[in-house]
Amino acid sequence: MMWGATVEGEERTSLGNELKTLDLLFDRVMESHVKMVGKKTEEEEDFLQYLIRVKDEDEKAPLSLTHVKSLLMDMVLGGVDTIVEESHLPKLPYLQAVMKETLRLHPTLPLLVPHRNSETSVVAGYTVPKDSKIFINVWAIHRDPKHWDEPNEFKPERFLENSLDFNGGDFKYLPFGSGRRICAAINMAERLVLFNIASLLHSFDWVAPKGQKFEVEEKFGLVLKLKSPLVAIPVPRLSDPKLYTA
Ligand code: HEM
């Protein structure tokens, strides 16, 4: 079951409706279990039947059926209605593939930062005189059909099938540069991006404003930006509002 609001175009099933459906479901489960009390041996009964049977045994703090139901709801929903933690990130390979594919098509620094060679060198038959200003066109390398199938398509799956990472060891994929001047904060940047995106996706459904199309056209510059700013509306999808204030 898809838990949370589902976004289909502009039609959205509200979280409130799903909670009501779930509440009814829990009521039915409770009802059927109450009817079973006394009909099964202690060995045969499940955890819910056990709770219903013993709920009045502690005279000082007897449990009501409502207590039992909320305990059951906490147990079933507790794992879903929670926040993203750093330890979850290694369990999200598809999200990591999405980050890699986004940086392939839209590298933050499309020409890296300018480098300067301290010695004259010959590269692929070309002489590069000492003190040249060198730009590496990562944007073009990342879309080179010699290295990428359907290079202009957004296909995160390609990164599930290869072992490319951000360390600059393979010259066809260099979103953080390579060598001695590689980005100094790759690990931090990777975690920050993944953590923020995972949290935003987990906690909200994202809806485009009415009539707005999602444009990925870029404005070229030393730092790559979207030509038209992205506007997306967050719709809370966690049932416990306290999780938004933590
Ligand atoms: C997704 C986020 C980021 C991307 C895509 C990125 C990408 C890059 C790239 C392409 C370079 C140039 C490498 C080269 O020319 O070979 C670079 C350099 C650098 N980055 Fe990042 N970066 C990111 C986040 C960060 C963050 C968060 C920090 C610091 C908190 C940082 C610190 C640096 C530093 C200090 C350099 C210069 C390294 C040097 O010249 O020795 N970067 N980054």
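Start with His115: one of its polar side-chain atoms sits 2.7 Å from an oxygen atom of the ligand. That is a polar contact, meaning a pair of N or O atoms within 3.5 Å. A caution before going on: this is a predicted model, with local features needing pLDDT of at least 70, side-chain atom pairs counting only at pLDDT 80 or more, and totals for chains, interfaces and linings using all residues. Numbering runs from 1 along each chain as its sequence is written, and side-chain values use heavy atoms, with hydrogens and water left out.

Next, Arg181. An N or O atom in its side chain is 2.9 Å from a ligand oxygen atom. Val113 uses its backbone instead: an N or O atom there lies 3.4 Å from an oxygen atom of the ligand.

Now the iron. Which residue is its only protein donor? Cys183, through SG, at 2.3 Å. Donors here are N, O and S atoms within 2.8 Å of the metal (3.2 Å for Na, K and Ca); water is not among the atoms, so sites may look incomplete. Cys183 lies in the loop between helix H6 (158-161) and helix H7 (186-203). Helices are DSSP runs, H or I, of at least four residues, numbered from the N terminus.

In total, 16 residues surround the ligand, each with a heavy atom within 4 Å of it.

Last, H7 again. Its axis and that of H4 (residues 93-105) come within 10 Å and cross at roughly 115°. Axes are lines fitted to C-alpha atoms over the stretch in contact, and angles run from 0 to 180 degrees between N-to-C directions. Contact means heavy atoms within 4.5 Å. On the H4 side, the contact is made by Leu95, Gln96 and Met99.

Technical notes
Helix = DSSP H or I, 4+ residues; strand = E, 2+ residues; numbered from the N terminus. Polar contact = N/O pair within 3.5 Å; in protein donor to acceptor, adjacent residues only side chain to side chain.
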